[in-house]
Amino acid sequence: MEEEIRQMLLKGGLGAPPPPSLDIVIMQKIKAEQDRRIYRRVVINAVLKVLAVFALLVVAGAVLWWKAGRLDWSTVGERCAAAGLWVKDHAYVVAGGMLAVVFAGVFKFGRE
Amino acid sequence: MDQETIYIQQVVAGDVNRYAYFVEKYQKMAFATAMGILGNEADAEEAVQDAFLKAFRGLGSFRGGAKFSTWLCKITINCALGRVGSRGSRDGGSRGGGGSRAGGGFVDIELADEHLADVDSGYKRLNDQDQARCIREALDRMDVEDRLVLTLYYLNEQSIEEISAATVWSRDVIKMRLHRARKRMYGILSRMPELKNV
């Protein structure tokens, strides 16, 4: 009985073998997915590294400034505002520089 | 630790080529499952591709509580059913549209056990082409669930436990569905003129 039904289902088109190229297509998609994952991770790593370096530079600069005794707390707000204005005036330069560093990171790590 | 678990760990660690082992081993089962639900090769092929891709994405969260084959089967069923849904809303669907259609000249009948042998002998007297056509028509008129349970049990040769793990059905429900699916298939065949007149 079981074998009869199995044969009937096969005759009805169920249980047909998959197309010969199916496994190749699946593996291509899997590899593309893996590449996307790696690329995403590389971009995130590069952005995080740029931010970390930037934060480190700011902190190091502040410490050096303070050690040199040139840090005048009464004018910190003013200086920050001036720095902010400089960044605003040179936004394209700053954004371009950051992007260049990110792409350099992606280019370097993306080849690994 | 079995071989599949080791391979899964290797894939998760980034050795994507190891995944070819699973594709090679389970593509036939996945394709048969999708065909059982969708009934046409193009849709089944896409559903299987989706299923393997989803399994790959979720491999990191696969805890090994069930066998990989059962887990993949479950994903394949969901992908194929998703396509039935979208196809149904698009064109009403042919196979996989859901159920026997009384309007098409057939009613949803379950043949009594004593008539099964009559249908069987009538069916055997048909030539190969007519047999194939009759079965295809009968499958077209069956519910998705009926075709699915027949495929999983008879073609994929999965146990009741494995089917239960891959679907949301209990063991008793599966047994009942199998019984009804068989009788429905014979019931639909019994109404076909080719089998009536032999």
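Glu157(B) lies in the loop between helix H7 (144–155) and helix H8 (160–166) of chain B. Helices here are DSSP runs of H or I with at least four residues, strands are E runs of at least two, and both are numbered from the N terminus. Glu157(B) is not a glycine, yet has a positive phi of about 55 degrees. The residue counts as exposed because 11 other C-beta atoms lie within 10 Å. The cut-offs are 20 or more other C-beta atoms within 10 Å for buried, 12 or fewer for exposed, and partly exposed in between, with C-beta atoms placed from the backbone.

The model is predicted: local features need pLDDT of at least 70, side-chain atom pairs count only at pLDDT 80 or more, and totals for chains, interfaces and linings use all residues. Residues are numbered from 1 along each chain as its sequence is written, and chains are lettered from A and ligands numbered from 1 in the order in which they are written.

**Chain A: overall form**

- Chain A has four helices and zero strands.
- From the N terminus on, its elements run α-α-α-α.
- The C-alpha trace of chain A spans about 95 × 25 × 25 Å along its principal axes.
- The radius of gyration of chain A is 29 Å, whereas a compact globule of 112 residues would have one near 13 Å. That radius is taken over C-alpha atoms, and the globule rule is 2.2 Å times the number of residues to the power 0.38.
- Of the 112 residues in chain A, 8% are buried.

**Where chain A meets chain B**

- The contact takes 24 residues from chain A and 27 residues from chain B. Two residues are in contact if their C-beta atoms, placed from the backbone, lie within 7 Å.
- On the chain A side, the elements that give two or more residues are helix H1 (2–11) and helix H2 (22–67).
- H2(A) gives the most to this side, with 10 residues.
- By class, the chain A side has 13 nonpolar, four polar and seven charged residues. Nonpolar means Ala, Val, Leu, Ile, Met, Phe, Trp, Tyr, Cys and Pro; charged means Asp, Glu, Lys and Arg; the others, Gly among them, are polar.
- Met27(A) sits in helix H2 of chain A. Residues up to four places away in sequence aside, Met27(A) touches Ala20(B) and Val23(B).
- Met27(A) counts as partly exposed because it has 17 other C-beta atoms within 10 Å.
- C-alpha to C-alpha, Met27(A) and Met1(A) are 38 Å apart in space and 26 residues apart in sequence.

**Chain B: layout and domains**

- Chain B has 10 helices and zero strands. Its pattern along the sequence is α-α-α-α-α-α-α-α-α-α.
- Of its 198 residues, 38% count as buried.
- Among contacts in chain B with a separation of 6 or more, 73% join residues 24 or more positions apart.
- Chain B divides into domain 1 (3–91) and domain 2 (102–196). These bounds come from an automatic or database domain assignment.
- The contact between the domains takes 12 residues from domain 1 of chain B and 12 residues from domain 2 of chain B.
- On the domain 1 side, helix H2 (19–38) and helix H4 (68–91) of chain B are the elements that give two or more residues.
- That domain 1 side has seven nonpolar, four polar and one charged residues.

**The nonpolar core**

- The largest nonpolar core has 59 residues. Such a core is a set of buried Ala, Val, Leu, Ile, Met, Phe, Trp, Tyr and Cys residues joined through C-beta atoms within 7 Å.
- H2(B) gives the most to this core, with 12 residues.
- Each of domain 1 (3–91) and domain 2 (102–196) of chain B supplies at least three core residues.
- The residues with the most contacts inside the core are Ala34(B), Val48(B), Ala51(B) and Leu189(B).
- Beyond its neighbours within four places in sequence, Ala51(B) is in contact with Ala30(B), Leu72(B), Ile75(B), Thr76(B) and Cys79(B).

**Helix H9 of chain B**

- Helix H9 (residues 171–190) has 20 residues and reaches 29 Å from its first C-alpha to its last, close to the 28 Å expected at 1.5 Å a residue. The expected span is 1.5 Å times one less than the number of residues.
- Buried residues in H9(B) include Ile174(B), Arg177(B), Tyr186(B) and Leu189(B).
- Asp172(B) also has its place in helix H9 of chain B. Asp172(B) counts as exposed because 10 other C-beta atoms lie within 10 Å.
- Asp172(B) and Met29(B) are 143 residues apart in sequence and 23 Å apart in space, C-alpha to C-alpha.
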